[in-house]
Amino acid sequence: MNCTDLLSQLGDYLDGQLSEELRAEVRSHTAGCEHCRVVLNTTHQTIEIYKGQELYEVSPELRERLHNAIMAKCLKK
Ligand SMILES: [Zn+2]
């Protein structure tokens, strides 16, 4: 799994929809990729806030922002 693969699975991962196999791949990628780990943690925190407000939704806009943020950082490595 690379950064692009992780991003394509991110919404499902956060929704708890991924298979155990894919979750393991996400974990192993984030273990070795600081940028994705940071983004994942930040996204988790953001979602917890939204959940508290009962407005939880991983919108296309949020996915797009996260995607751009991760790709910009990962490409700089
Ligand atoms: Zn990555």
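User: Which residues coordinate the zinc ion, and at what distances?
Analyst: This is a predicted model, in which local features need pLDDT of at least 70, side-chain atom pairs count only at pLDDT 80 or more, and totals for chains, interfaces and linings use all residues. Residues are numbered from 1 along each chain as its sequence is written, and side-chain values use heavy atoms, with hydrogens and water left out. Donors are N, O and S atoms within 2.8 Å of the metal (3.2 Å for Na, K and Ca), and sites may look incomplete as water is not among the atoms. The zinc ion is held by C3 (SG), H29 (NE2), C33 (SG) and C36 (SG), at 2.1 to 2.4 Å.

User: Why is the arrangement around the zinc ion tetrahedral?
Analyst: Four donors count as tetrahedral if all angles lie between 85 and 135 degrees. The arrangement here is tetrahedral because the four donor atoms subtend angles of 100 to 115°.

User: Are C3 and C36 buried or exposed?
Analyst: Buried means under 20% relative accessible area, exposed over 50%, partly exposed in between (1.4 Å probe, protein chains only). Both C3 and C36 are buried.

User: Which residues have the most contacts inside the largest nonpolar core, and which element gives its largest share?
Analyst: A nonpolar core is a set of buried Ala, Val, Leu, Ile, Met, Phe, Trp, Tyr and Cys residues joined through side-chain atoms within 4.5 Å. The largest one has 18 residues, and C3, L10, C36 and I70 have the most contacts inside it. Two or more residues come from each of α1, α3 and α4. The largest share, six residues, comes from α1.

User: Which residues are buried in α2, and which exposed residues lie on the face turned away?
Analyst: V26, H29 and T30 are buried in α2. They cover an arc of only 95° around the axis (taken from the directions to the C-beta atoms), which puts them on the same side of α2. The face turned away from that buried side carries the exposed E20, E21, S28, A31 and G32.

User: Which helix has the lowest mean pLDDT?
Analyst: pLDDT is the predictor's confidence in each residue, from 0 to 100. The chain mean is 81. Helix α2 (residues 20–32) has the highest mean among the elements, 94, and the lowest, 76, belongs to helix α4 (residues 60–74).

Technical notes. Helix = DSSP H or I, 4+ residues; strand = E, 2+ residues; numbered from the N terminus. Tetrahedral: all angles 85-135°; square planar, octahedral: opposite > 155°, others 65-115°.
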